[in-house]
Amino acid sequence: MKKMIISVLGKDRPGIIAAVTRILFEQNCNIENVSQTILQNEFSGIFIVGVPKSLSEADLHRHLDDGLSPMGLHVYEKRLSEANESRTAVESEPFVVTTMGPDRKGLVAAITAIMASHRVNVTNLQAVFKGGDDPYANIMIYEVDIPNDANHQALRQELREKALALSLDISIQHKLIFEAINRI
Amino acid sequence: MFSEREILSVVEMLKNENLDVRAVTLGINLLDCASDDIGRFTDNVYARITGAARNLVKECDEVEDKYGIPVVNKRISVSPIAVAGAPFNAEQMLIVAKTLNEAATDVRVDFIGGFSALVEKGIARGDRALIEAMPQALTDTQRVCASVNVASTRAGINIDAVLLMGKTIKEAARLTADRDGLACAKLCVFANIPQDIPFMAGAYLGVGEADAVINVGVSGPGVVKKAIDRAVGSNPDLNLGQVSEIIKHTAYKVTRIGELIGREVAQHLGIKFGVVDLSLAPTPNVGDSVGEIFQSLGLASIGVPGSTVALALLNDAVKKGGAFASSKVGGLSGAFIPVSEDLNISQAAAQGHLSIEKLEAMTCVCSVGLDMVAIPGDTSEETLAAIIADEMAIGVINKKTTATRLIPVPGKKAGDHAFFGGLLGESIIMPVNNATGENRFLRRGGLIPSPIHSLVN
């Protein structure tokens, strides 16, 4: 078995996961992880699968593309190297950064640039920009890991200053707070 | 991964609704500091307190920083001094109070509680010395808080002690006449005092407690009010069963945060975590008021007919939500209605909606009692004692904690204004029935026996 990552993109409709997994099953592939999400009406799915050595990457693509392109779906596959699994883990604490404020271009780029400069890893991002000035219509929620040895104060201050410059209301809270309140 | 709604509701609670941890209180056992030599005793006490609490404020600040949730007050409670310092006379008790004040100042806590005596069944030598020292001790110190338990469901009401407290409160007021009787704001008289209250002025560390313990007082009247406002806004026809559910859910959330912070502070300090006290404790700030909740519930003001039942609903819902949220609940756990400390309640008193009698009725269904009530300076010792005794009876018969923190403001009369400052707030002086009259019933003294339902064994 070799490991492949497959991504599927296209307009959402019933039967996408069924179609993808039927093809994988027929080709004797083993699914290890699946994640899917729907943004507005667009479907996006990522599959990590074990593929038999006998099945070439070109053949896998052909099977998937034949089955999925009639449904208007785009498929992309990539071989996973073993080295991919060993991103050196950094000791970190999970935080949730939330912003609300008027929509404009470059908001995500501005916030994430500061995070990246402090080696903060974004583990989940939900952003909705419906436009206009209603703060609740324009929200970014970042779940992030902040390295323990990062300069927390400088990070907070830079984020706050940037948020102020962009007229955003920002909140930086430890993830445990959300867990304590929302999870039993 | 959290949903957008979950995230935003938490952010909202933190940002706009004054969600905080009201008090992290480190309980310190002083019983092994015992000595009949006052110098040795105070040295031991000072060393014990400053040793145990050395990092309290620093650790609280760090946890506050990490979670972005303010720990508003860092405090210390100690073993009842009347027990720990039983051999001493009143003058020596004053020295002990000053030592406590110095230790509290040096570790940067705003209050230290435990200048206390437990006299519900009788007054021992140490108790009498401590009570005698109280007026001067509360005048000469800034941070020391005192409490005296004069009644319990198991023991009855010690009217001799109640009379003594009437006298003591008058004297404390007289000594701080230039500050509207401020010393009395640091003195609580209790029935059924719990051993683990984190809130001042009633905090002390019970004799049944360990060497050191962290107790946490959560708060959140602002959060409860906003939750009610939001729910009523989206459904104006909400019935009271549904209101109770909303308060319960909110209390749950607030308590979870309190416990999270408390446990983390305790872990950092290497001290056992004690209890979460689920009380709605107001401050004189707008948006942080228990009184405002009554208006959100649809009453014209706290004090009008319907206030007692509203408070009963509120108090019960807070307890139910909190009890599910925390594995260790203790202290007072109920809603506080301190008049001067809650802007809205003191306004209700000023506008004539709230009388001392209605306050007393409300204390039947909530924790604490006649709290931070400013009364005319010419109220007699006997009348003070009678008000205290009435409040104690409510606690003793209903098997609950009640207390009084009364301030007979020297030289001022009903309708005048008393100002205590800071968290203690300000208030109009409330009229008292038969303030200067005599009370032969109380003057008989003695012990009112415990009620029949205390015989439970």
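The contact between the two chains draws 16 residues from chain B and 16 residues from chain A, where two residues count as in contact if their C-beta atoms, placed from the backbone, lie within 7 Å. The structure is a predicted model, in which local features need pLDDT of at least 70 and side-chain atom pairs count only at pLDDT 80 or more, while totals for chains, interfaces and linings use all residues. Residues are numbered from 1 along each chain as its sequence is written, and chains are lettered from A and ligands numbered from 1 in the order in which they are written.

On the side of chain B that touches chain A, two or more residues come from each of helix H1 (4–16), helix H3 (56–67) and helix H9 (240–269) of chain B. Helices (H or I, at least four residues) and strands (E, at least two) are DSSP runs, numbered from the N terminus. H1(B) gives the most to this side, with seven residues. By class, the side of chain B that touches chain A holds nine nonpolar, one polar and six charged residues; Ala, Val, Leu, Ile, Met, Phe, Trp, Tyr, Cys and Pro count as nonpolar, Asp, Glu, Lys and Arg as charged, and the others, Gly among them, as polar.

Within chain B, the axes of helix H6 (residues 125–140) and helix H7 (residues 159–175) come within 9 Å and cross at roughly 25°; axes are lines fitted to C-alpha atoms, for helices over the stretch in contact, and angles run from 0 to 180 degrees between N-to-C directions. H6(B) is therefore roughly parallel to H7(B), a term used for angles under 35 degrees. Residues of H6(B), including Ile131(B), Met134(B) and Leu138(B), meet residues of H7(B), among them Leu164(B), Ala172(B) and Leu175(B). The residues of this H6(B)–H7(B) contact divide into seven nonpolar, three polar and one charged.

Turning to chain A, an open sheet of four strands runs in the order S6-S7-S5-S8, with antiparallel pairing; strands pair if DSSP finds at least two bridges between them. Strand S6 (121–129) and strand S8 (169–174) of chain A each have a single partner strand, so one side of each is left without a neighbour in the sheet. The twist averages 15° from one strand to the next. Strand S5 (residues 92–100) and strand S7 (residues 138–147) of chain A pair in the antiparallel sense over nine bridges, and Thr98(A) stands opposite Ile141(A) in S7(A). Helix H4 (residues 152–165) of chain A packs on the sheet, touching S5, S7 and S8 of chain A, and its direction makes about 155° with that of S8(A).

How values were computed: Parallel < 35°, antiparallel > 145°, perpendicular 65-115°, else oblique.
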